[in-house]
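Please look through the structure shown below with its sequence at hand; the paragraphs that follow take up a helix, the ligand and the aromatic residues in turn.

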Amino acid sequence: VSIKSHKWVIAGQGLAGTCLAWELWKNDIPFTVIDPDMGGSSRIAAGMVNPITGKNFQPSWRIDEFMPFARSFYDEVENFTGSKFWYDFPVLRLASSQAEWDKIVSKLNEPLVAPWITGQVHAPDGWVGAVEVHGGGRLDTRLFLDVSRAFFTELGVFEIGVAAKDVPGTIWCDGAVGLMSERYGPHRCAKGEILTVNAPSWDESRIRIGAGGWLVPVGASNFKVGATYEWNELNQIPTEKGRIRVEEIACRLGGEDFQMITHDAGIRPILRRSEPLIGPLGNNEWMFNALGSKGSLYAPGIATRLANWLVYDVAAEPTVNFREFLKQR
Ligand SMILES: Cc1cc2nc3c(=O)[nH]c(=O)nc-3n(C[C@H](O)[C@H](O)[C@H](O)COP(=O)(O)OP(=O)(O)OC[C@H]3O[C@@H](n4cnc5c(N)ncnc54)[C@H](O)[C@@H]3O)c2cc1C
């Protein structure tokens, strides 16, 4: 069967399935997308992209390649659909201890870090130091998914439902559901809880990151605040414990003056940190998973690699190739 006449089934319409659908559509390859419309982590994610991350203040994995690619991908879909999902934001990285601040300062001139740094800024009360990072932003993930779904529905290639197992031509983009079935072996999925709050007195000009949490302005004095990491109770049910923890983050980063609007929980699909994987599974089934905590950054670039693999038989580089991952495991 010629690859062009083969009809692919994309199982799952989170960030992975949605970006892949756009890539197949651009290449004029027939497909359908199927999703049960029962949550998924992309729908509740903050959508933040932060170039220099974590306790160690390190560049996100291959940020230099994936960031510009993601920007132009979202730009293209925005122009095509006439909707806006991507917002540039500087990131204010706050240090809560001298040790953390020393670590940050020691990295500021590293060649992979320096290009993303705007400079040190005055630390707000209660913080030891602060630095501004540029080049990041926020994807309105839910709007991106909804607008994409509307477009694919109009084309007659989207349906609500659960993809059947063992059907050749299925590309599994089923996130944590797929990883938790253990069909790829042991996983490290992590539940996360997140609040949307209204806080007219907070600064809406920057993402704030510090003390193990973050807050992201989403417009109209609303902010996403998160997030917890929990490895045991892997479900999408918000808990009181989670809410209390995220409220603490909100108080620390924004202040006490806020009102909760929504409280959600989701499961981050993790196999190894936040480095995604793609590849064939046998039976002409394929996988695209393991976006971890960074789906907004990696989904476009990885979807493009998978489309090139499916359409032109160009295998992805070893670092994102699921077969190579299995060999090294
Ligand atoms: C609290 C929280 C905050 C986060 N914040 C950020 C952030 O700020 N920035 C960032 O980049 N990332 C963030 N993430 C991570 C981000 O959510 C993930 O990287 C990304 O959404 C994963 O996308 P996915 O498409 O692989 O999975 P999902 O979005 O989970 O999509 C999988 C889809 O497959 C469907 N499905 C399951 N089984 C089947 C089946 N048999 N047939 C058909 N469909 C099926 C599911 O219903 C779901 O819709 C956050 C995650 C959490 C939990």
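**A helix, a ligand and aromatic pairs**

Helix α7 covers residues 295-312, and at 1.5 Å a residue its 18 residues should span 26 Å, which agrees with the 24 Å that separates its end C-alpha atoms. This comparison, like everything that follows, rests on a predicted model. Because 16 of the 18 residues of α7 are buried, the helix is largely enclosed by the rest of the structure. The residue that follows α7 is Asp-313, which has a positive phi, near 60°.

The ligand is surrounded by 36 residues, of which the closest are Asp-35, Ser-42, Met-48, Ala-163 and Gly-292. Sorted by class, this shell consists of 17 nonpolar, 15 polar and four charged residues.

With Met-48, by contrast, it is a polar backbone atom that lies 2.9 Å from a ligand oxygen atom, and a polar backbone atom of Gly-12 is 3.3 Å from a nitrogen atom of the ligand. Taken alone, the ligand exposes 1,000 Å², and the protein buries 95% of that area.

The aromatic residues come next. A pair of aromatic rings is described by the distance of the centres and the angle of the planes. In the whole structure, a search finds 23 aromatic pairs. In one of them, the rings of Phe-73 and Tyr-74 have their centres 5.6 Å apart and their planes at 90°, so the pair is edge-to-face; Phe-73 and Tyr-74 are both buried.

Phe-85 and Phe-144 form another edge-to-face pair, with 5.2 Å from centre to centre and 65° between the planes. This pair links distant parts of the chain, 59 residues apart, for Phe-85 lies in the loop between α2 (63-81) and β6 (86-95), whereas Phe-144 belongs to helix α4 (residues 141-154). Elsewhere, one aromatic cluster is formed by Trp-22, Trp-25, Phe-31, Phe-80, Phe-151 and Phe-152.

Conventions:
Residues numbered from 1 in each chain as written. Predicted model: local features only at pLDDT ≥ 70, side-chain atom pairs only at ≥ 80, totals over all residues. Heavy atoms only, no water. Helix = DSSP H or I, 4+ residues; strand = E, 2+ residues; numbered from the N terminus. Expected span 1.5 Å × (residues − 1). Buried < 20%, exposed > 50% of the residue type's maximum accessible area, 1.4 Å probe, protein only. Near = heavy atom within 4 Å. Polar contact = N/O pair within 3.5 Å; in protein donor to acceptor, adjacent residues only side chain to side chain. Areas by Shrake-Rupley, 256 points an atom, 1.4 Å probe, with all protein chains shown as cover. Nonpolar A, V, L, I, M, F, W, Y, C, P; charged D, E, K, R; others polar. Phe/Tyr/Trp six-rings, centres within 6.5 Å; stacked < 30°, edge-to-face > 60°.
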